Amino acid sequence: MKNSSIYLDNTDRVLTTPNQIICGDSKNILSKFKSETIDLVITDPPYLCNYIDRTGRSVANDTNSNSKSVLDVFDEVYRVMKPNSYCISFYGWNAIHQFAKKWHEVGFKSVGHIVWVKEYASSIGFTKHMSESAFVLIKGNPAKPQQPISNVQEWHYTGNKSHPTEKSVSIIAPLVKAFSKAGNIVLDPFSGSGTTAVAAALNDRDYIGIELEEKYCHLAQNRLKGVARYKSVA
């Protein structure tokens, strides 16, 4: 298989291949990857905002006290990305100073910002929160997309049935298609319910998802089995 030797232990023994959901701590797992092996990163990390949804669910490490365990993952993300490649990262607006500082420190340059506009308020504070946002970050100097997407996108609500902050495949798929090519490896180090991996698989990209919580690893793996069955009969 192409791109087969990307995840190694200290003895250089191949442990896995692309098209896997790996359960565990992202920084530790990524530290075993070879450098410069990933074509595209699309990720939705914890926003460091102590989020609790209407049913009482929370997200692991989603607090300022755990900010280092989230932000330091980007050190390894940058290292494993190929030269001249893209990272699309959602972020928490209340912690943008922390995310931006880390991205700058590791070497990323911001070249774009995407906003998804909601038809409802997900919460109300000083303003009604009716959008989600992600930065377009680059390592090196990648070619511009042949078909750039708009920096304002329509939000598609999932109902968050599978995960408290679940993104729709229809939101992630345009990112996959714009910033990578068929056969590329797409990494999501905060995989959640596996939406990035599903979007990659449906668009003929290889994927690697890493997720800390075991229940979401199993969920993502089951979703991808469904994708494989769909593609086998399509």
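Analyst: Let's begin with a definition: two strands pair if DSSP finds at least two bridges between them, and helices (H or I, at least four residues) and strands (E, at least two) are DSSP runs numbered from the N terminus. This is a predicted model, in which local features need pLDDT of at least 70 and side-chain atom pairs count only at pLDDT 80 or more, while totals for chains, interfaces and linings use all residues. Residues are numbered from 1 along each chain as its sequence is written, and side-chain values use heavy atoms, with hydrogens and water left out.

User: What is the strand order in the open sheet?
Analyst: The open sheet has eight strands in the order E3-E12-E11-E4-E5-E9-E6-E10, and their pairing is mixed. Strand E3 (20-23) and strand E10 (152-154) are at the edges with a single partner strand each, so one side of each has no neighbour in the sheet.

User: And which strands does H5 touch?
Analyst: H5 packs on the sheet and touches E4, E5, E6, E9 and E10, where touching, or contact, means heavy atoms within 4.5 Å. The direction of H5 makes about 155 degrees with that of E4; axes are lines fitted to C-alpha atoms, for helices over the stretch in contact, and angles run from 0 to 180 degrees between N-to-C directions.

User: What about H6, is it mostly covered or mostly uncovered?
Analyst: H6 is mostly covered, with seven of its eight residues buried, where buried means under 20% relative accessible area, exposed over 50%, and partly exposed in between (1.4 Å probe, protein chains only). Among the buried residues of H6 are Thr195, Thr196 and Val198. After H6 comes aspartate 204, whose phi is positive, near 65 degrees.

User: Which residues touch the most other members of the largest nonpolar core?
Analyst: They are Ile42, Ile88, Trp116, Ile172, Leu175 and Phe179, out of 31 residues in that core. A nonpolar core is a set of buried Ala, Val, Leu, Ile, Met, Phe, Trp, Tyr and Cys residues joined through side-chain atoms within 4.5 Å.

User: Where is the confidence lowest?
Analyst: Confidence is lowest in strand E2 (residues 14-16), at a mean pLDDT of 49, and highest in strand E5 (residues 81-90), at 98; pLDDT is the predictor's confidence in each residue, from 0 to 100. The protein chain averages 88, and 89% of the residues score at least 70.
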